[in-house]
Amino acid sequence: MVGQGTITDWDLPIPVAPPVIPEEVTLEQFQIVLVDDDLLGPLETAIAAIVDNKQKRKAEIALRIKPTVPRKGKLVSILKQDLGLTNNQVDDIFVRAAKEQ
């Protein structure tokens, strides 16, 4: 019949797999995305405001020395707790960071 088509496999949307969230990225990849999102400065400020000196030093080491940033690490905790990022926003940072060369 004209004007009354049937749905075929060609008409259905192609399913898109959700992105794979890396468990960790390199410190360089992480920092590049933070710079792109204007979050590196606020993260540094949040670290500088940590009252407990040992916790502050651990966060500084994580931001400056450790070669990788784990998805469940100290820096991510600061992004979420102090800067108010959601899990989805952090996931997006890690997905984009993994694409950085």
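## Gln29 in helix α1

Gln29 is found in helix α1, where helices (H or I, at least four residues) and strands (E, at least two) are DSSP runs numbered from the N terminus. At 15% relative accessibility, Gln29 counts as buried; here buried means under 20% relative accessible area, exposed over 50%, and partly exposed in between (1.4 Å probe, protein chains only). Leaving aside neighbours within four places in sequence, Gln29 touches Ala97, Ala98 and Glu100, with contact meaning heavy atoms within 4.5 Å.

A word on the model itself: it is predicted, so local features need pLDDT of at least 70 and side-chain atom pairs count only at pLDDT 80 or more, while totals for chains, interfaces and linings use all residues. Residues are numbered from 1 along each chain as its sequence is written, and side-chain values use heavy atoms, with hydrogens and water left out.

## The α1–α5 packing

Helix α1 (residues 27-36) packs against helix α5 (residues 87-99) at an angle of about 115°, and their axes are 8 Å apart. Axes are lines fitted to C-alpha atoms, for helices over the stretch in contact, and angles run from 0 to 180 degrees between N-to-C directions. The crossing of α1 past α5 is right-handed; a crossing is left-handed if the near helix is turned anticlockwise from the far one by less than a right angle, and right-handed if clockwise. On the α1 side, Gln29, Phe30, Val33 and Leu34 make the contact, and α5 brings Ile93, Phe94, Arg96, Ala97 and Ala98. By type, these residues divide into seven nonpolar, one polar and one charged (Ala, Val, Leu, Ile, Met, Phe, Trp, Tyr, Cys and Pro count as nonpolar, Asp, Glu, Lys and Arg as charged, and the others, Gly among them, as polar).

Within α1, the buried residues are Leu27, Gln29, Phe30, Gln31, Val33 and Leu34. Their cover includes β1 (24-26), α2, α3, β2 (68-70), α4 and α5.

## The nonpolar core

The largest nonpolar core has 24 residues, and those with the most contacts inside it are Phe30, Leu34, Leu43, Leu75, Ile93 and Phe94. Such a core is a set of buried Ala, Val, Leu, Ile, Met, Phe, Trp, Tyr and Cys residues joined through side-chain atoms within 4.5 Å. At least two of its residues come from each of α1, α2 (40-48), α3 (53-64), α4 (74-81) and α5.

Take Leu43: beyond its neighbours within four places in sequence, Leu43 is in contact with Phe30, Leu34, Leu63, Leu75, Ile78, Leu79 and Leu83. Over in helix α4 sits Val76, which is buried with a relative accessible area of 3%. Val76 and Val90 are 14 residues apart in sequence, and their C-alpha atoms are 7.3 Å apart in space.

Asp38 lies in the loop between α1 and α2 and is exposed, with a relative accessible area of 65%. Its phi is near 55°, a positive value in a residue other than glycine. Most residues other than glycine have a negative phi.

## The whole protein

The protein has five helices and two strands, in the order β-α-α-α-β-α-α along the sequence. Buried residues make up 31% of its 101 residues. Among contacts with a separation of 6 or more, 68% join residues 24 or more positions apart.
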